[in-house]
Amino acid sequence: MIRNGARLRSQVCDAMVIVVKASESLDDLRCGGAPMLALGAEPTGSATMDPAFAGGAIMGKRYVDETGAEVLVTKGGAGALSVGETLLELKETKTLPASD
């Protein structure tokens, strides 16, 4: 199981993430349709980007799934983040009250 604070990278683009809130669903975390790897792991070499998952991951943004799992993108890339075939959603920012 992936733990909070785990650093992962894509096999098919430059994207890197940190797990903010882990859940069982993140065991199938993918970027560009290919499974993500631990930061120090070697890529398989045969992974290619799936055009259906080429939406991109935006640096500095948080993505969530329906189980409450959350990842923070530390390096953007061309591949979209997903759990299996389900795309992760961009987490909405909370508006802060005025400081006046």
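Start by selecting Asp28 in this predicted model: Asp28 is partly exposed, with a relative accessible area of 31%, so it falls between the 20% limit for buried and the 50% limit for exposed. Asp28 lies in the loop that runs between strand E2 (16-21) and E3.

Now show what surrounds Asp28. Setting aside neighbours within four places in sequence, Asp28 is in contact with Ser82, Val83 and Gly84.

Next, follow Arg30 into its strand. Strand E3 (residues 29-31) pairs with strand E8 (residues 81-83) over three bridges, in the antiparallel sense. Which residue of E8 is the bridge partner of Arg30? Select Ser82, and you have that partner.

Widen the view to the sheet. Here four strands form an open sheet with antiparallel pairing, in the order E4-E3-E8-E9. Strand E4 (34-35) and strand E9 (86-87) are at the edges with a single partner strand each, so one side of each has no neighbour in the sheet.

For the next stop, go back to E2. Over five bridges, E2 pairs with strand E7 (residues 70-75) in the antiparallel sense; select Lys21 and you will see Glu70 of E7 opposite.

Stay with E7 and bring in strand E6 (residues 62-64), which runs antiparallel to E7 and is joined to it by three bridges. Arg62 has Leu72 in E7 as its bridge partner. The hairpin of E6 and E7 has five residues between the strands, and Gly68 there takes a positive phi near 100°.

Finally, select Tyr63 together with Asp28: their C-alpha atoms are 15 Å apart in space, and the two residues are 35 apart in sequence.

How values were computed: Residues numbered from 1 in each chain as written. Predicted model: local features only at pLDDT ≥ 70, side-chain atom pairs only at ≥ 80, totals over all residues. Heavy atoms only, no water. Pairing = 2+ DSSP bridges. Helix = DSSP H or I, 4+ residues; strand = E, 2+ residues; numbered from the N terminus. Buried < 20%, exposed > 50% of the residue type's maximum accessible area, 1.4 Å probe, protein only. Contact = heavy atoms within 4.5 Å.
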